[in-house]
Amino acid sequence: MVKSAVGTMRVMRLDHVSYVAGPDGLASTVQRLGGDLGAGFVDGGIHPRFGTRNFVLPLAGPTYLEVVGILDHPAVDRAPFGRAVKARTERGGGWLAWVLSTDDLAPIATRLGRDPRPGNRHLPDGTELRWHQVGVADLASDAQLPFFIQWDLDSAPHPSQVGGGGGGVRIERLEIAGDPQRVLDWLGDPVVDPLAGVAVDWVDGDEPGIVAVSFATPHGSVRID
């Protein structure tokens, strides 16, 4: 479990995990993962700033699983998230990132020396979902590190609430290749158990980042690597 010393509490929790579509394409990847988990994904729409689109599986937590793919759009090569998805796509797809949400992004941005960047997603019904994020550019050099997000939920619900939200699937374990102390330093002090209820195994890997995620489902545990 990822923890640090307790000082003035800052709210931070696991928000979602991102998986990049493989060579069979976004629709086939979504169908395969949905079959593995016994659950249906929802069309999440388009990220116009990033040149990507996604499908979302709401989970208990509230968290969600995102499957993302690139579009034929110039934003892919301009935006850090688009470049990260494109690079992972070219390596055959797979796990991209784990993401922590916070109710106050400003102190994290200041501590890390990063500027919060806006993000948005156009949902299929035309609603725009908005947020700010910090740390996405660091995925390219050190994918073990989560990035941080602060939602603006005035116009749309959190993705874990789409279609009623929750469901019978939850994240139970992350397997991450990397250095736990490096991640603790990145999270900063204090952070109070942002992965409450989710175990973390630090494993060997050819490169840092998520190796696998295990999900508790009504039909038993499912590990996706």
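How many cavities of 30 Å³ or more does the rule count? I got 2 cavities. A cavity here is a set of points on a 1 Å grid over the protein atoms alone where a 1.4 Å probe fits but cannot get out, and its lining residues have an atom within 4 Å of a point. Volume is the space filled by probe spheres set on the points, which are joined across faces, edges and corners.

The model is predicted: local features need pLDDT of at least 70, side-chain atom pairs count only at pLDDT 80 or more, and totals for chains, interfaces and linings use all residues. Residues are numbered from 1 along each chain as its sequence is written, and side-chain values use heavy atoms, with hydrogens and water left out.

Largest cavity. I noted about 110 Å³ of space and a lining of 13 residues, with His 16, His 47, Glu 66, Trp 131 and Gln 133 nearest the centre. Of the strands (DSSP E runs of at least two residues, numbered from the N terminus), β8 (147-152) is among those that supply at least two lining residues; β8 gives the most, 3.

Second largest cavity. I noted about 30 Å³; Arg 121, Leu 123, Leu 129, Ala 156, Pro 157, Pro 159 and Val 162 line this cavity.

Cores. I looked for sets of buried (under 20% relative accessible area, 1.4 Å probe, protein chains only) Ala, Val, Leu, Ile, Met, Phe, Trp, Tyr and Cys residues joined through side-chain atoms within 4.5 Å. The largest nonpolar core has 40 residues, and Leu 174 is one of those with the most contacts inside it. Apart from that core lies another of 21 residues, including Trp 131.

Definitions and conventions. On a 1 Å grid over the protein atoms alone, a cavity is a set of points where a 1.4 Å probe fits but cannot get out, and a pocket is an open set with protein on both sides within 12 Å along at least five of seven lines; lining residues have an atom within 4 Å of a point. Helices (H or I, at least four residues) and strands (E, at least two) are DSSP runs, numbered from the N terminus. Buried means under 20% relative accessible area, exposed over 50%, partly exposed in between (1.4 Å probe, protein chains only).
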